[in-house]
Amino acid sequence: MSAVLETNEVLKVFGGLTAVDHVTLSVQEGEIFGIIGPNGAGKTTFLNSIAGTYVPDGGQVRFLGEDTTGFSSDAMCRRGMARTFQISKPFPKMTALENVMVAATFGNKTIIKNPTALAIEKLAFVEFPMPVHTPAESLNTVQLKRLDLARALASNPRLLLLDELAAGLTTGELGDLMDIIRKIRDSGVTIIMIEHIMRVIMGLCDRLAVIYYGAKIAEGPTIEVAQDPKVAEAYLGKKYDL
Amino acid sequence: MKEEKLLKEPFLVVFKRWMMSAGGITITLAVVAAIIATIDSGPFIIVNTVVTGGMWALLSLGLSLVFGVMNIPNFAHGEFFLIGSMTAYFVFNPMRLYLNDNPSAFLSAIAPFLGIFLAFLVGALMGIIMEKLIFSPLRKRSRDQWVMNSFLLTVGISVVIINNIQLIWGANFKGIPSYWNVDPLEFLGVRLSVDRLAALLLSVITLAIFWYFMRRTQTGRAVRAVAQDETGALLVGINLNKILSLTMALSAGLAAMAGASLLFMFPAYPTAGLKPLYVAWYVVILVGLGNVSAAVIGGFIVALLQTLTSYYIGTGWEDVIPTAVIIIMLIFKPSGLFGSVVKGVHEQ
């Protein structure tokens, strides 16, 4: 196993606030890596700093062996890092198919001969429940999450960043989504996910990192981290019952 | 690819709703007014409307596109029109003089197209230069107060271009009598000069190509993607700088093309861009900011208003009536006739 993503002392400061405080991580190929922490701990900012939405104020990001510190998000996407946002970012006036087609055309390193076929394939992969010509603006939350996933997968990523994908879903929907995430991992995509729902974390993640006030306070196999008293105090609550 | 059936409402329901919307009412009124005026005074009303309307459509489409995609209220748009007519003049006039001495039927037929096409290219180039030299650095520095800052910048650019053109080529009118030196055609009892017919055809063909580009090509989809969600567009790997340059180039090129096609009506001189600028803004405000397809319809509606005003009331009122109509319209529908919600820069 080799590291897909390595961060070394990544730092992001907003004014006087240190949002990401020297975070060093390494994510191995083929794993599902969870990032947990209380609200406002800097998890999303950390993802933004490695995916090119923000330029880090210090430290290095190495993706697939290449130093990608400060690259823009479209460049990262073409290098094989796809992501979804906490709030879906579809192109509302386009159909679901067109949304995925755009990603298939522009997100890949090589030129895709038939973006339509690829888009249809990816929509089928995430079990998109609606006709592919439905305008994105008329989709509901669950459908939008699947569209987001299909769009991220259309650029054939090596690493997929999921930012609170499970937020706002019912228990039944959670199960379906977890199956899809497992299916994506089995197709050879490494996944980093930020999540609050412990059921999803415990059910999916191989390893976990805990971020608290911008700093990483724990990292390791899921069970170990979840039982770490420091983590329990910072985030899970002292009596979290596995 | 198999078309999957969507749940569709019956056509009549959709049609009825459309007819009751502000846009539907306006289009119906415009068509009725055009028909009545045509019966009353002759088909030249319709002919004039569609000829100028096509060009206003090209102009306002570019203005609307730049506002929709880049959030720039471009007050230098008229200068692209002027650059187009200047280019066409300097390309076409020497050819015209040469052809006077050495007649050649083939060359006289294609020379105007050459002038118009070069005008498009020069306009597009100016658009790219403007984006790379001015807006791109501003975007990197700060996005605060973007609309206001870019508005001030475009006004400044407009002043600079106007004065430079005056400095280099003087303030005199540069016009041509006509592109094609042939007899007007008779059509439905109207005498229609070949120049006007060509302008109409050019605008219709360009609009069709543009529509196809935006709807059916991947690059067009990328432009729409950037307009709808900039962060999302970056997320799927779209190179923002390329798309923004392309948008500016298209917008400026279309305006320049309109200027070149109408050179026989509007000679080129330093402040020739003002009127087209006002018209394009009338149209864009009338139909709603950033709504590209509605800008095309708006172009024809404003052209009809102008034609009717200048025939029934007097040429001097040509700008007054459309402005008055827009003021009244804004009271009732502040977001424009086809009012789509305009996205703010901060929401991007």
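**Salt bridges and the interface**

Analyst: A salt bridge (a side-chain nitrogen of Lys or Arg within 4 Å of a carboxyl oxygen of Asp or Glu) joins the side chains of A:D176 and A:R146, with N to O at 3.9 Å. The pair links distant parts of the chain, A:D176 being in helix α6 and A:R146 in helix α5 of chain A, 30 residues apart. Helices are DSSP runs of H or I of at least four residues, strands are E runs of at least two, and both are numbered from the N terminus. The model is predicted: local features need pLDDT of at least 70 and side-chain atom pairs pLDDT 80 or more, while totals for chains, interfaces and linings use all residues. Residues are numbered from 1 along each chain as written, chains are lettered from A and ligands numbered from 1 in the order written, and side-chain values use heavy atoms, without hydrogens and water.

User: Is A:R146 buried or partly exposed?

Analyst: Buried means under 20% relative accessible area, exposed over 50%, and partly exposed in between (1.4 Å probe, protein chains only). A:D176, at 38%, is partly exposed. A:R146 has 9% relative accessibility and therefore counts as buried.

User: How many residues apart in sequence are the parts that A:K183 and A:E127 tie together?

Analyst: The side chains of A:K183 and A:E127 form a salt bridge at 3.1 Å, N to O. A:K183 lies in helix α6 (residues 171-186) and A:E127 in the loop between α4 and α5 (141-153) of chain A, so the pair ties together parts whose separation in sequence is 56 residues.

User: Which residue forms a salt bridge with A:D74?

Analyst: A:D74 is buried at 5% relative accessibility. The closest N and O atoms are 3.4 Å apart, and the partner is A:R78.

User: What is the area buried between chain A and chain B?

Analyst: Contact here means heavy atoms within 4.5 Å, and 28 residues of chain A are in contact with 24 residues of chain B. Buried area is the accessible area (1.4 Å probe) that two parts lose on being put together, summed over both. Carbon and sulfur atoms give 66% of a total of about 2300 Å².

User: Which residue of chain A forms a salt bridge with B:R221?

Analyst: Between chain A and chain B the count is two salt bridges. In the one with B:R221, the closest N and O atoms are 2.8 Å apart, and the residue on chain A is A:E98.
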